[in-house]
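Trainee: I would like to learn how to read a model like this one. Please take the features one at a time.

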Amino acid sequence: MPYQVGSFAVGNRLLPPEERTTQADPRRANAITSGHRACRGCGEALGARYVVDSALRASEGRLIAANATGCLEVFSTPYPESAWQLPWLHSVFGNAPAVATGIAAALKAKGRTDVRVLGQGGDGGTVDIGFACLSGMFERNDDVLYVCYDNEGYMNTGVQRSGATPPAARTATTEAVGDEPGNVFGQGKSAPLIALAHEIPYVATATIADLHDLEAKVERAMGMHGARYLHVLVTCPLGWGAEAHDSVRIARLATQSGLFPVFEGSRGDVTAVTKIRRRVPVEDYLRPQRRFRHLFEPELRTDVLARIQARADRNIERFGLL
Amino acid sequence: MDKPFAISLEVGSSLANKTGTWRTERPVYVRNTAPCASHCPAGEDPQAWLYHAEEGDYERAWRAIMEHNPLPAVMGRVCYHPCEAACNRGRLDEAVGINSVERFLGDEAIRCGWTISRAAASTGKRVLVVGAGPSGLSAAYHLARLGHDVEIHEAGPAPGGMMRFGIPRYRLPREVLDAEIDRILGLGVTLHCNRRVDDLTGVMRDGAFDAAFVAVGAHLGKRAYIPAGSAARMLDAVAMLRGMEGEQPPLLGRRVAVYGGGNTAIDAARTAKRLGAEEAVVIYRRTRDRMPAHDSELEEALEEGVLVKWLSTVRRADEGRLVLERMELDESGFPQPTGEFVELEADALVLALGQESDLGLLERAPGIEIHDGVVQVGPDLMTGCEGVFCSGDIVPAERTVTAPVGHGRVAAAGIDAYLRGARYEPEPAGPEASFEALTPWYYDDAPRTMRPRLERARRESTFDEVVGGLDAASALFEARRCLSCGSCFACDNCYGVCPDNAVIKLEPGGAYAYAFDLDYCKGCGLCMAECPCGAIEMVPEPI
C-alpha cells in the first residue's frame, strides 16, 4: 500500500519504524551536534550528518573518522570545541585517505575487527589535493569507506575553482568575464568514475536531496570490506549564491536535470542508477544560483546553456537516467 | 595543569555556541485551512477527518465529520463535492475522492451501529424546528447535542424533505436516509410529521418555545406560461418526483419531455426512463457549458440514453406533441429566439424550471423582512424577529443538500448563543493553504480510485443505486492520497533536513509533532522549504 510520502520524505507516522530513515529516529546519533558554525542552510553539514549517522547505525557506534581539512573541519572544530559525536581525527588537507588507511592498519594489527573506519573530506581535499593518497587507498583496497562531500569548489578559503567545479560556474579564480565567462569547458574530472576504474568493491554517488537513497548506499557500503567510495553532492549556499532554504531543492534539481548522475557501481561497472523522476531543463537548476547569473544577465547566453544542456543530455544517455 | 603536550584549553563542545543568535527569521508551525475545508458548504474539514481515516481509524474519522455534519452517508452520495473541485491534489494528478471516502465512513457507521451522544447537559430550553429537511435535521442534531429540547414540525408524511421527495432512490437509497435520520432522532429529538405550521408565532406561544428555526425548503415548482391544448399532459418535476414516494408512480407515457436545465430536470428525465419511457428528452434553452446541472449527473443521464435538445424552448404543448423554437445565444450569452420552429412528439411535458418556497408561515411574525422571495437574516441566521432563525432554501444559497446542512449548523450555533443571551459571530476563516506553499515532490504518484458503477442495462430499468461504494482497502488508499494541505502530518521532513539539529521531535506530540530549538536554529528556512504540506512559515525576528 503506497503511503502519502513513504518513499520520499524523511519518515511518516504511517510507516513502521524499520521502514523510516535513520534521520527520522529520535535516537539518531546527531554525529555533528548543534552549535557548529556552518553557514545557514549548509548542505555539507547536512550531508555529513546523514552519512555519519547512518554509518554509526550500521557499525553499531563503533566507527572512527579521519577528516581532511576543509569547511567540514573548520566549522565543526574551532579549537577547543568539537561538534563531533564519534572518535574523530584531524588531518591536513591532502592526507585524509592515508590517515584512514593508517587507522585501518592499526586496528588490524590490534585485532579490532569490530571497529570500522571512515575517511571524509570536501571536493578540494579529495578530488584535487588528496587524490594521490585516495588512489593509493583504492589500489591497496584498504578497508575504509571514503566519503567526498562535493560542493564544487574551495568554499572555505573563499570560493576558488576545484577539479569538481562545473563549467561556466563563477568562482574567485574563474570570474565571469570575457567571451567564455566562468569556469572553462573541457576541464575537471569525475572522481566517482575514476574510483570505479580502480575496480574497488563499491562506488556510489548520492545527494542530500534523496535521503532514502543516500542512507541505503551508506548501509550497503558499510556491509562490505575493502576500499569503498561515496561521492555526495552537497549544496553550498555561499559559494553557489543560493538561498539558504533552497539547498535541498537545488540538489534535487541537479539530479532531475541530469547534471549530477546518481548511480552505483562495483568492480569497474555501473550496476544501478537512480532514475530521473521529474525531468527539468538545466535552466531550472542554474537560475537560482548566482554563480551562473552571467548566463542570464545582462543577456541570455543560449549558446552556453546549450552546452550545459548537452552535458546533462550526455549523462542521461550514458547512465540511462530516464 | 596536567593537560597533554601543547594543549592549553579543556575540550569543549559546540553546544556552547548558541547559533540561534544568527537568526533574522524564525520558523513557526502553522495550521492553515485546506481548500477542501474552505469550500465545504456544510462546514466540514475533510483534511482533518481524512487524517484519521489515513490511519485506518474510521470511527474517529466519522466522529470528526459528525462534529459538523450529521449525514455523512447521505453526503457521500448526493453532495456535489466542491471540496474535490478545490482539492490541491487536482493540480498534481487527480483530486482526492473525498466524497467516496465520506460515503465509506457513513456506510461503515451504519454497518457498525456507531452512535452519537449528547455533548452537553440539558438546558431546559425548548426549540421549534419547522421542516425536517437537511437544514432542519442538521439544526435539530446540533441543538440536541448542545442540550436543548428540540421539536420538529414537518408538513410532509415523513422526514427528509428534498432528500426523500426530490432525490430519486437510484441516487439515495431510502434505507441510508432512514438510518441517518433515526440516529438524529435517537438523540431525543421529537418529530411530528403531517404537522404543517401556518402561524409561527402562535405555535411558538402555545408550545412554550424559546426559539424557532424555520427550514421549510423550496417545494413549489416554478411555472412558465406555455400555451397548451386541452388534452396536453403537463406536470411539474417537483410534484412528479414527490409522486415517486407515493403508492402509484406518476403516469408519463412512452415519450417524455423535460423542460429545464438544472439537476431536477436531469433527475426527472432519468426517473422517466426508469418508469419505462422509451424516450426521455431534456429541452434546454442554452448550451451544455451553461447548463446548471452538474456534469456528472448529465454524463450519467446521457449514458442511460437520456437525450438533450440544446438551444430550444417550448412554445406550445398539445396532446402527443410539442412545438419547440430554436434559440441562439447573443453576445452576453442570453438565448434569443430565431423564429425557427420544430415539432417534437411527447406524451408528457415535465416542467423543471426551479423551485420556490411557501413563506406564508412567516408573514405573520413581526419584524421579518422578505425581499424577492428571500428572507433577510443576519450572520447568525436570525431574522428581524427575535428568536426566529431561518435557513435552507429560503435564504440565498446554492440549492443543494450540502449548503442547508451548513446553515442548520450555523443556525444551531446562533440559537444556542441567543438562548444564552449572546449573539453568535461566525469565526473568520484562517488563511488557505495554497498549492504554491506545498512541496509536491514528496508525494507518491497515486491516481485516484474510481467507484464502481451499475451497468447500464440495470440502470435503465431499475431504481437500484447507480454509483457504488469503495471497499475498505480502496477507501484507505484514497484517504492516504490526501496531501494534508496546511496541516502537519508528521512526515519528519523538518526533523531530517535541519542542518543544525534544531528541530525537536515531541514524543508524544502535543499540538504539533515537533518544536524548534531556538537556541540553535539559524533560521535558514530549509524546514519550511521542504515541508511537503506548507505547515511551516518563516516570520521575521523582532528587532
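Mentor: Helices (H or I, at least four residues) and strands (E, at least two) are DSSP runs, numbered from the N terminus. By that rule chain B has 19 helices and 22 strands. This is a predicted model, so local features need pLDDT of at least 70 and side-chain atom pairs count only at pLDDT 80 or more, while totals for chains, interfaces and linings use all residues. Residues are numbered from 1 along each chain as its sequence is written, and chains are lettered from A and ligands numbered from 1 in the order in which they are written.

Trainee: What box do the C-alpha atoms of chain B fill, and what percentage of its residues count as buried?

Mentor: Taken along the principal axes, the box is roughly 120 × 55 × 50 Å. A residue is buried if 20 or more other C-beta atoms lie within 10 Å of its own, exposed if 12 or fewer, and partly exposed in between, with C-beta atoms placed from the backbone. Of the 543 residues of chain B, 49% count as buried.

Trainee: How many residues of chain B are in contact with chain A?

Mentor: Two residues are in contact if their C-beta atoms, placed from the backbone, lie within 7 Å. Here 46 residues of chain B contact 44 residues of chain A. On the chain B side, β1 (12-13), α18 (493-497) and α19 (526-530) are the elements that give two or more residues. For composition, Ala, Val, Leu, Ile, Met, Phe, Trp, Tyr, Cys and Pro count as nonpolar, Asp, Glu, Lys and Arg as charged, and the others, Gly among them, as polar. That side of chain B divides into 23 nonpolar, 10 polar and 13 charged residues.

Trainee: Which strand of chain A is joined to β1(B)?

Mentor: Strands of a sheet pair through backbone hydrogen bonds, either parallel or antiparallel. Two strands pair if DSSP finds at least two bridges between them. Strand β2 (residues 81-82) of chain A is joined to β1(B) by 2 bridges, and the two run parallel. Ser82(A) has Ser13(B) as its bridge partner.

Trainee: In what order do the 5 strands of the open sheet in chain B lie?

Mentor: The order is β5-β4-β3-β6-β19 (chain B), with parallel pairing. β5 (190-192) and β19 (388-390) of chain B are the edge strands; each has a single partner strand, so one side of each lacks a neighbour in the sheet. The twist averages 20° from one strand to the next; axes are lines fitted to C-alpha atoms, for helices over the stretch in contact, and angles run from 0 to 180 degrees between N-to-C directions. Strand β6 (residues 211-214) of chain B is linked to β19(B) by 3 bridges, and Phe213(B) stands opposite Phe389(B). Helix α15 (residues 402-419) of chain B packs on this sheet, touching β3 (126-130), β6 and β19 of chain B, and its direction makes about 165° with that of β6(B).

Trainee: At what angle do α3 and α6 of chain B cross?

Mentor: Two packed helices are described by the angle between their axes and the distance between the axes. The axes of α3 (residues 58-66) and α6 (residues 98-112) of chain B come within 10 Å and cross at roughly 105°. Angles under 35 degrees count as roughly parallel, over 145 as roughly antiparallel, 65 to 115 as roughly perpendicular and the rest as oblique. α3(B) is therefore roughly perpendicular to α6(B). Tyr58(B), Ala61(B), Trp62(B) and Ile65(B) in α3(B) meet Glu102(B), Leu105(B), Glu108(B) and Ala109(B) in α6(B). By class, this contact has 6 nonpolar, no polar and 2 charged residues.

Trainee: How many residues of strand β14 of chain B are buried?

Mentor: The count is 0 among the 11 residues of β14 (residues 335-345) of chain B. Strand β13 (residues 321-329) of chain B pairs with β14(B) in the antiparallel sense over 8 bridges, and Arg321(B) stands opposite Glu345(B). The hairpin has 5 residues between these strands, and Gly333(B) takes a positive phi near 80° there.
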